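Thanks for sending this one over. Here are my notes, written to be read with the structure open beside you.

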Amino acid sequence: MSNFVRIAFAALCFTTFLGAAPEPAKADPYRWCADYSGGRFGGGGGRNCYFFTLAQCRATGSGVGGYCSPNPFYDGRPIVTPEDVPMRVKRRRVYTY
């Protein structure tokens with residue numbers, strides 16, 4: 001009985017380890033972050049890192065008291081999604097009788 005318990009415990013630990021394994025890190029495709037000030041009473045501001053261009057970032061930050069800074073997680077590599085890969089067109093067979 002003790003061998004069964006040891007094997008069951010080892011299997012449980014192994015499956016827990018596989019489920020908790022981290023995914024590989026992915027690059028952030030957004031180059032700019034908008035850093036918002038904390039407002040009139042201090043406090044913490046916010047950060048929004050979802051801008052492809054500096055113009056987008058500046059337009060969002062204007063009027064709300066923010067500034068733009070480079071995204072520290074941006075590495076310049078393009079992100080390829082399944083929609084970016086061209087579809088292969090299958091040739092249709094033509095049957096002649």
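The points below cover the disulfides and then one aspartate.

1. First, a reminder: this is a predicted model, so please read every distance and angle here as computed from that prediction.

2. How many disulfides are there? The count comes to 2. If you number the bonded cysteines of the chain in sequence order, the pairing reads 1-2, 3-4.

3. Take Cys33 and Cys49. Their sulfur atoms sit 1.9 Å apart, and the two form a disulfide. Cys33 belongs to strand S1 and Cys49 to strand S2 (residues 47–51), so this pair ties together parts that are 16 residues apart in sequence. Turning to the geometry, there are 105 degrees about the S-S bond, and the link of Cys33 and Cys49 is right-handed. Both Cys33 and Cys49 are buried.

4. The other bond to look at joins Cys57 to Cys68, with an S to S distance of 2.1 Å. Here a helix is linked to a strand: Cys57 lies in helix H2 (residues 54–61) and Cys68 in strand S3 (residues 66–70), so the pair ties together parts that are 11 residues apart in sequence. Which hand does the disulfide of Cys57 and Cys68 have? The torsion about its S-S bond is about -115 degrees, so it is left-handed.

5. Cys68 comes out at 23%, so it counts as partly exposed; the cut-off for buried is under 20%.

6. Now for Asp35, which is placed in strand S1 (residues 32–36), the strand that also holds Cys33. Why does Asp35 count as buried? Because its relative accessible area is 9%, and buried means under 20%.

7. What does Asp35 touch? Leaving out residues up to four places away in sequence, it touches Gly46, Arg47, Gly65, Gly66, Tyr67 and Ser69. Take Gly46 from that list: Asp35 and Gly46 are 11 residues apart in sequence, and their C-alpha atoms are 6.0 Å apart in space.

8. The side chain of Asp35 makes a polar contact with the side chain of Arg47, at 2.7 Å. To place that pair, Asp35 is in strand S1, while residue 47 falls in strand S2 (residues 47–51), which also holds Cys49.

Technical notes
Residues are numbered from 1 along each chain as its sequence is written. This is a predicted model: local features need pLDDT of at least 70, side-chain atom pairs count only at pLDDT 80 or more; totals for chains, interfaces and linings use all residues. Side-chain values use heavy atoms; hydrogens and water are left out. Helices (H or I, at least four residues) and strands (E, at least two) are DSSP runs, numbered from the N terminus. Buried means under 20% relative accessible area, exposed over 50%, partly exposed in between (1.4 Å probe, protein chains only). Contact means heavy atoms within 4.5 Å. A polar contact is a pair of N or O atoms within 3.5 Å; within protein, one must be able to donate a hydrogen and the other to accept it, and residues adjacent in sequence count only if both atoms are side-chain atoms. A disulfide is a pair of cysteine sulfur atoms within 2.5 Å.
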